[in-house]
Amino acid sequence: MIAQSFQYESPGSLSEAISLLNKYGDDAKVLSGGHSLIPMMKLRLATPAYLIDINGIPGLSHISEDGGIVRIGALVREAEVEHSDLLAKHFPIFRDVTKLIADPQVRNMGTLGGNLAHGDAANDHPAVMLALRASVAITSAEGEREVPIDEFFFGFYMTAVQQGEILTEIRIPVPPNGTGSAYHKLERKVGDYATSGAAVQLTIGEMGVVTAVGIGLTNVNSVPLRAVRSEEALLGKPLSEETIALAAQYASEDCNPSADLRGSEEYKRHVTGVLVKRMIHKAAERALN
Amino acid sequence: MIQCKTSKAIGGMGHSMKRKEDVRFIQGKGHYVDDIKLPGMLYMDIVRSPYAYAKIKNINIEAAMKVPGVIAVVTGRDLEKYNLHWMPTLMSDTQMVLPTDTVMYQAQEVAAVIATTKYAARDGREAVIVEYEPMKAVIDPYKAMDPSAPVLRTDKAGKKDNHIWHWEVGDKAKTEDVFSKADVVVKEEMYIPRIHVASIETCGCVADYDKVNNHLTMYMTTQAPHAIRTVIALVAGHVGLTEEKIRVVSPDIGGGFGGKVPVYPGYVIAIAVSFLVGKPVKWIEDRSENLQADSFARDYHITAEMAGTKDGKILATRFKVLADHGYTDASANPSKFPTGMFSIATGSYDYDTTYMECDAVYTNKPPGGVAYRCSFRVTEAVHAIERITDRFAFEIGKDPADIRFQNFIHKDQFPWKSPTGWIYDSGDYHAGLHKALAAIDYENLRREQAEKRARGELMGIGISTFTEIVGAGPSKDFDILGIKMFDSAEIRVHPTGKAIARFGTKSQGQGHETTYAQIIAEELGIPMENIQVEEGDTDTAPYGLGTYASRSTPTAGAAAAVAARKLRDKARKIAAYLLEVSEDDLEWEPGKFHVKGAPEKSKTIQEIVFAAYTNHPQGMEAGFEATHYYDPPNLTFPSGAYVCVVDIDNETFEIKVRRFVAIDDCGHIINPMIVQGQVHGGLTQGIAPAMYEELIYDEQGNILNGTLMDYLVPTAVESPHWETGHTVTPSPHHPIGAKGVGESPTVGAPPAIANAIVDALSPFGITHMDIPITPNKVFKALRDKGVIK
Amino acid sequence: MNVNISKTFHVEHPIEVVWANITNPEKIVVCVPGASLTEMVDADHFKGEVELKFGPVKAKYGGDISFLERNADTHSMKMKGVGTDVKGKGGADMLLNGLLTAKDGGTEVNVMMDVTVQGMLAQFGSRLASDATTHVLDQFISNFKNQLDGKEVSGSLNAAGMMGSMIKGMFGSK
Amino acid sequence: MNKTINVTVNGTKHTLDVEPRLLLVHMIREVLNLTGTHIGCDTSSCGACTILLNGKSIKSCTVLAVQADGKSITTIEGLAPEGGPLHPLQEGFKENHGLHCGFCTPGMILRAHELLEKNPNPTEDEIRWGISGNLCRCTGYNNIVKAITWAGTKMRGEETPSTEPEFV
């Protein structure tokens, strides 16, 4: 399996990369971790004429915290996400999710930015970002704009990142004490895309009342899906078996999975509910510890 | 108990000797086909059909020929000029090398692009534009049997349907009679899915034709180099490539499992191109080509029935099979046995009435019916009998272990003639199952299961007690394309007492370089370290039928022992001469002959061998070499008792194999470490089709999982920690009492797992599930039963 | 691989106007995003091209399109397209059924798209096919409505680009 | 348009003129003739092509040679001196029958190399997840786990466990 010939550029700065993207337009693709793009190129499903390798651009590989925001550079590798103590401190969900993404070698190459910018509802980080209510910084020749995650995904392989733009940073608000998060997906075998996946972050305040909640679903809709009714079922109420069951039921009803090799529509709806229930429990447990 | 007759220094049978071949593999010095680079070598890539069934209207090679580096594009029309566009399959059916007008399955070879680099060949492949006229594909074998179905093999004159052959065995009338009178009759429809060996190394070759000497050297991934040489000569003899002009070399092979037995079109095209251009041509498949176009295994639709008494005695079985062979019958079965050894399906049980029939059909799918670590349909047979036995136990409310003990053939009944005519050589099925049940603590598991069921948890225990049939085979019954299924060994001991031994088989990871050396060490007392084993080069190795179907130890292993014994007989003569005593006064101990009653008067094998070159008796032929072609008197019948425990998540229906105990009996064990390794590997290739793997086609004949992203080969996470053990019931007819083992676990594991899962779901009235059993299927089964809304 | 999707929508135009539109090849074909009409063979048969783009994946199909039915009495039409990937990697057949019903002064339009894919896209794009078809149908409906309203419909439109630029306009904060 | 890259492979520096689409695995196998690194799939699923890039295990079939510019690579051939003492992982695989056909072995060993570096004393479960990107079709993984455990023990300087099979 060999890709079609292309011209390779490895810009040393963001502005250089953006000007190359503007120069080559639709025929150019950004190469980050490459573990979605290169297989497509080898199969010749994707045949970009220009490949803009952004791996040499400084300033995109940080994980930092300031002003109540955790900032993750677009080039941070999955393996770095997996082993980051800062992320583990605020978001135990990252250990959950990274372990389930592909395999260790792929995680050494794959980037968080690429996972989001690929715009695939089967990827795992989109649902996590929905749960964490992250936003995404996108940079173009005109400067940077920040897009809330809810306005980022538009369709299969379609995101808010437009021609001449690069996703540069992921920003996640640091949650208050009493917050927990969790992710799990069902997979046919380790490293597979999700049959269904659920990401939950919730904050439990006084009297056990849920004061904040985010729930994202993986691969049960053409775009990553926020389980809005499930969130509403929990928000402002004490966490109980009833509210959790309702949240699970809503997730099951509101997702739009298609039948495929991973399972029937009915099965996917069913397990989406189960996963949402389990992840609420797990997140709550973490919130209370 | 394994008892060793030799010291570890000699390393004969029973010792877990470390493998000799590993030294190169762990240092990256294995030598596989894709590692071969010859001067002037060209690269071939293959254009494949996107359609399952279509007329080829036009092949436009203009753009491809303009790609820098591309030197030729070969089509079926080009091969037709040399009458090389069709070739025989191993089942004497016919198969296209390249099509001239019609493609019969998706991913079929359509044209070959030859270029100076791999990259140019791929660019050329992309630039070949083929115009097709798609036709409605026949994918479902039942629909293929329908009289209204289009006839697919229009190349066969007079062919009026898609039926290939009908086969039957047993006593139909008697079986019907027993079934009609029996207290209990159970029946299940079972599908054994289409699966693929997916050895980590794909298939490939370097065809190197030397125009000056009219000589072809064919380096290729083959498990049966000699048979391939003969096939090449049969296919290409008419253009001057006769058998003495052909050398087939099978270097290190990265896993075979039967997938490297057939002759694939790519090999033949590479030979044809090399023949025409006089340069070496390399062809290496991609993984997707391998999964989509190489021979598949299984694809048996089985109706299994069992009749018995209320108290559990099995009286009769009946099996009806529909076999989907794709567009040509390209299985690798002995000529007389188009369904291989499916007739072993009467199992490990003592009853005398059965009837089995099988019909094979053509569909628009890739050809095959070869192997997945078992080529002769034993897996299908064992699945059918072990599942239907459990079904019978369930019907009468009997424990599946008890029903097996009740019906097992007793060890004193061997040799035992099965209702389909096989003579089982030996076995102790009771001992195996007792050992397995004790190892897993069966009684406690059943107690735990009862408690869990009361709490609504899903736990299942599954048993499989199988009889294998391997070591084909006696030449009166077994041949491939007419060549009898013997195998061979040639031993040459050098003057200094070190040896080289060559075989007609070919290891693909089984460790022949170690185990064959151990057999010879056992017989001659020469340390196995000093015995070099070679296979895979038809110029040097004696003729043999190759390694598949667990036949190497039963055939070539036996040949090694017999050849070594010929040498020991010669050694006795030389020793008698050297010690100046009569041959009858000599006694053998590993590594030397001594005079009876005077152990200090002895000659070591090394001294004897030296004498064979320097001081041999007058009138005796010099040298110390022997060859043997072993024609087994019978097959060997290994057996096993497997017990499996599964836990099923009662919300997501994910299935976890908690424990799996496998007790195997393969007779005398040559190397316990290697036998255990074979069992481990076979078990993972057993869980694979039981829970993960299946090649899936849609109604148009598109393969939906033709990459390793979707064809789910288990990783170390899915594969459980296997618990293994053995019993030893030697084969009475094999020179060293050994039986084959490689495919046993792949045969025995799937029904153990399926039985465990069905056992877990049995409280809901579920009596059967087709493999691979996935969470999605469990969900559906429970929904169909109304358990889940 | 087969995907079948049906949608019903309402337009504020009289049924005859809608009927004229949906049965006019020059108008209906360009409503399929990425599609263009390249040749009119006769009143019922013509040739066209469809170019689709999803992220890095591009596919271009050329083929024959024909009206199987245009029943002015029942306001029901059937159109069939038989396409082949221009690189020879497979083909796609599409059956488009349209049924119009006068309703509330406008017209209720039911569109059913039945797409059968063979070859590369069916093998590797199984996850894509269903979403892609939905997307194409949604775009088709949107274009069809715009066309009736007299707005511009671009024949060489690619789905991702249009969607993206629309979004950029809505949410861009430069 | 070709690109010139500098790579250090098994300690040796190379300056190579490569096509941008040249896969790293092809550079290793075809350009540098280090054939111990294998190709088993097209989709980064099997791990046979695993090498160390700046010490991290990666799948060289899904990385371009140009991406390795300025970096160092270790392949199976560079793990121990030729003919010299074996690396404990190589020894562990041999002593514990951690391989059959040998095709997945180089990738498996290099993956295990990084695994043990990050986690010198892994549990069985950690090893199984740690090698989940490497397929082996022959061994059933039991003995690969055993081999890596054994190598870990040796690398920690502890007494290595028995290599006799538990096959009773």
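The model is predicted, with local features requiring pLDDT of at least 70, side-chain atom pairs counting only at pLDDT 80 or more, and totals for chains, interfaces and linings using all residues. Residues are numbered from 1 along each chain as its sequence is written, chains are lettered from A and ligands numbered from 1 in the order written, and side-chain values use heavy atoms, without hydrogens and water.

Me: Is Glu285(A) buried or exposed?
Reply: Glu285(A) belongs to helix 11 (residues 265–288) of chain A; helices (H or I, at least four residues) and strands (E, at least two) are DSSP runs numbered from the N terminus. Buried means under 20% relative accessible area, exposed over 50%, and partly exposed in between, with a 1.4 Å probe and protein chains only. Because its relative accessibility is 54%, Glu285(A) counts as exposed.

Me: How is helix 15 of chain B oriented to helix 16 of chain B?
Reply: Helix 15 (residues 552–579) and helix 16 (residues 605–614) of chain B pack with axes 9 Å apart and at an angle of about 90 degrees. Axes are lines fitted to C-alpha atoms, for helices over the stretch in contact, with angles from 0 to 180 degrees between N-to-C directions. Angles under 35 degrees count as roughly parallel, over 145 as roughly antiparallel, 65 to 115 as roughly perpendicular and the rest as oblique. Therefore helix 15 of chain B is, relative to helix 16 of chain B, roughly perpendicular.

Me: Which residue stands opposite Met44(B) in strand 7 of chain B?
Reply: Strand 1 (residues 42–48) of chain B has 7 of its 7 residues buried. Two strands pair if DSSP finds at least two bridges between them, and 6 bridges join strand 1 to strand 7 (residues 109–115) of chain B, which run antiparallel. In strand 7 of chain B, the residue opposite Met44(B) is Ile114(B).

Me: Why is the pair of Tyr51(B) and Tyr132(B) given its class, and what is that class?
Reply: Rings of Phe, Tyr and Trp (its six-membered ring) pair if their centres lie within 6.5 Å; planes under 30 degrees apart count as stacked, over 60 as edge-to-face and the rest as tilted. By this rule there are 34 aromatic pairs over all chains. The ring centres of Tyr51(B) and Tyr132(B) are 5.4 Å apart and their planes stand at 65 degrees, so the pair is edge-to-face.
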